[in-house]
Amino acid sequence: MKLMIMGDLHYPGELVDADDRMNEARDTFFGQYLQEFLAAEADYYISVGDLTHAGSASEFKFIMQNVEQALPDSPGRFLYVLGNHDTHACSKTDIQNLTGQPRYMAIEEAEAVILLLDTARETPEDWSGAIDEDQLEWLRSQMTQYGHKPLLVFAHHPVYNTTARSTEPMMSLEPDLDLLSILDKHQGPGIFFSGHNHVRSMIRRGSWSFVQTTAVPDAPEATVINLQGEDIRIETVQLCAAQYRELAEIFVKSMYDYDPRPYVEEEAIEEGSA
């Protein structure tokens, strides 16, 4: 099984004080990135959240139109988790109606199980992550269902005190949410994928690995997961990076409330164990 993972896309339907050149660069950047990402050979294509920048219905429609064009016979192969930007303008119910995907779900395949979590709040002034009690109860039940099969968990927010920047204010799930004790109930290997912090980072804690992706406007890349038997390989691939960076430089400073991290690809991957 092969998975393509997209970092925070942050597609902005509107730019601040934009001219025709900025709008054209934005449209080319995001249109071509989505086309190239979805054209890669994979079983599933997964976004770790913040697909949109303002969370507007028009932004979600842009994304889903690109998905339908690229995957006309199997749009269900494109999966996402909700990020804090995604819930700025639309309710979670509205987003589900726009995309047809539940806010959290499990997909069991022969090689592994994919779990999608909803960690987004519907309060823009608080961009930290949270998981409601109903979803936590569902997650606890999932940990005892799959034996030693690999478990791939996707959420927008990292677990507190794992990947880079995850101890900074509002840059993780709530610190008092002991998610590690829930995850450790799974008997097999597990990988927890997240975004939010716009820094590529990886750390290992016991039988779990935590992988954090970059933001697409900063680093136009994808994370590729290959599963063959008990072998799980993770690599980062660049998608026409030079061309995309030139386009991003034209429009990214006109994205309201976006902090570019142009050298994120040079930051070291964290490694550790506990």
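Start with the cartoon: the protein has six helices and 11 strands, both being DSSP runs numbered from the N terminus (helices H or I, at least four residues; strands E, at least two). This is a predicted model, where local features need pLDDT of at least 70 and side-chain atom pairs count only at pLDDT 80 or more, while totals for chains, interfaces and linings use all residues. Residues are numbered from 1 along each chain as its sequence is written, and side-chain values use heavy atoms, with hydrogens and water left out.

Next, colour by accessibility: 54% of the 274 residues are buried (under 20% relative accessible area; exposed is over 50%, partly exposed in between; 1.4 Å probe, protein chains only).

Now select the aromatics. There are 12 aromatic pairs, counting rings of Phe, Tyr and Trp (its six-membered ring) with centres within 6.5 Å; planes under 30 degrees apart are stacked, over 60 edge-to-face, the rest tilted.

Zoom to Tyr104 and Trp138: with centres 5.0 Å apart and planes at 55°, the pair is tilted. Tyr104 sits in the loop between helix H3 (92–99) and strand S4 (105–108) and Trp138 in helix H4 (residues 133–142), so the pair ties together parts 34 residues apart in sequence. Tyr104 is partly exposed, at 22% relative accessibility.

Then pick Phe154 and Phe193, a stacked pair at 4.8 Å centre to centre with 10° between the planes. Phe154 is in strand S6 (residues 151–154) and Phe193 in strand S7 (residues 190–194), so this pair ties together parts 39 residues apart in sequence. At 0% relative accessibility, Phe154 is buried; Phe193, also at 0%, is buried.

Last stop: select Tyr11, Phe29, Phe30, Tyr33, Phe37, Tyr45, Phe62, Tyr244 and Phe251, which ring pairs link into a cluster.
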